[in-house]
Amino acid sequence: MSGQNGRRGAAERVADCIADSAGGITFDLAGAAGPAPVLVLRRRDGAPEDGTDHEVRLPLTGGGGDAPGAGARPALRAVLPSTVHLAEGYWDVRTGADGEHAVRPGVRDVRALVDRIPGSDRVAARIPYPTGDGRLAVRSWVRTPHAEAGAIRCERGAMTVGGVLYGAEARPGAVAEARLRGGGRVHRVPVTGRGTSFAFTLPYALLTDVPVGRRQRWDLWLRPAPDAAGIRISRILDDIWDKRNILVYPRFVGPGPETWSAAPCYAADNGLCVRLEPAPDMP
């Protein structure tokens, strides 16, 4: 359970959140909601590519009690059901007829998201979180199919990744791909495991066929069959909305006259990557 962010003032609009394992979120709002009792979720990057709405409006109704930690102030409640589509991206939480009022995060109970198992081939994950400027937002992912990264083992000169597939199965000839971000290079390694489980080992030296003259980011993908499209390997089925500074893995420093280092890492969208850089640029 995450704590409160900021101080609750009389004019503040503060929402406590409870996330459930099915993908729903309950918002208990303390503070003035304005003349239009509605909670607005607005996608930060505008209209989604899938053509769905960039705004979701949820009615605020009497919550039947006080908001957790809100003293004696009554709470208004809005519920985002798991059945309501929320396109992948960042959604700011606001109130007011036009969504003109920001909402600050209160208590965020996201325990139900830890190690959750989706109930269908379509994976939808949503995590309420505090933005850098202290406002409430929701990070949403929608993946069909999805490759969920599990345990990552760092070995001498390589990383081994295990995971689970949703909406696809690993078949003979399955491979994992390391794709250089911003470049056309791709390296492949075989995948072991069959059905919905997968595993592979990626030697870091495979990525150094060209001298490492700058910091590189290699995105990891899975092709579950030779003729299948690639699936981005990510970790989204937990309660961490941004893993970049939370899940940190050991670095391996490669031998040779042009020394380099490599380590697994996560990108801003929680996609699994390898960070490769020349040794002199190591922080």
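Among contacts in the protein between residues at least 6 apart in sequence, what percentage join residues at least 24 apart? The share is 63%, where contact means heavy atoms within 4.5 Å. The model is predicted, so local features need pLDDT of at least 70 and side-chain atom pairs count only at pLDDT 80 or more, while totals for chains, interfaces and linings use all residues. Residues are numbered from 1 along each chain as its sequence is written, and side-chain values use heavy atoms, with hydrogens and water left out.

The protein has zero helices and 21 strands; these are DSSP runs numbered from the N terminus, with helices (H or I) of at least four residues and strands (E) of at least two. Of its 283 residues, 48% are buried, meaning under 20% relative accessible area with a 1.4 Å probe and protein chains only, whereas exposed means over 50% and partly exposed lies in between.

A nonpolar core is a set of buried Ala, Val, Leu, Ile, Met, Phe, Trp, Tyr and Cys residues joined through side-chain atoms within 4.5 Å. The largest one holds 33 residues, of which Met159, Phe200, Leu202, Leu220, Leu272 and Val274 touch the most other members. Elements giving two or more residues to this core include β12 (146-155), β13 (158-166) and β21 (272-278). Another core, of 29 residues, lies apart from it and includes Val56 and Leu237.

Most residues other than glycine have a negative phi. Asn270, in the loop between β20 and β21, has a positive phi near 65 degrees and is buried because its relative accessibility is 0%. Asp115 also has a positive phi, near 55 degrees, but counts as exposed at 60%.
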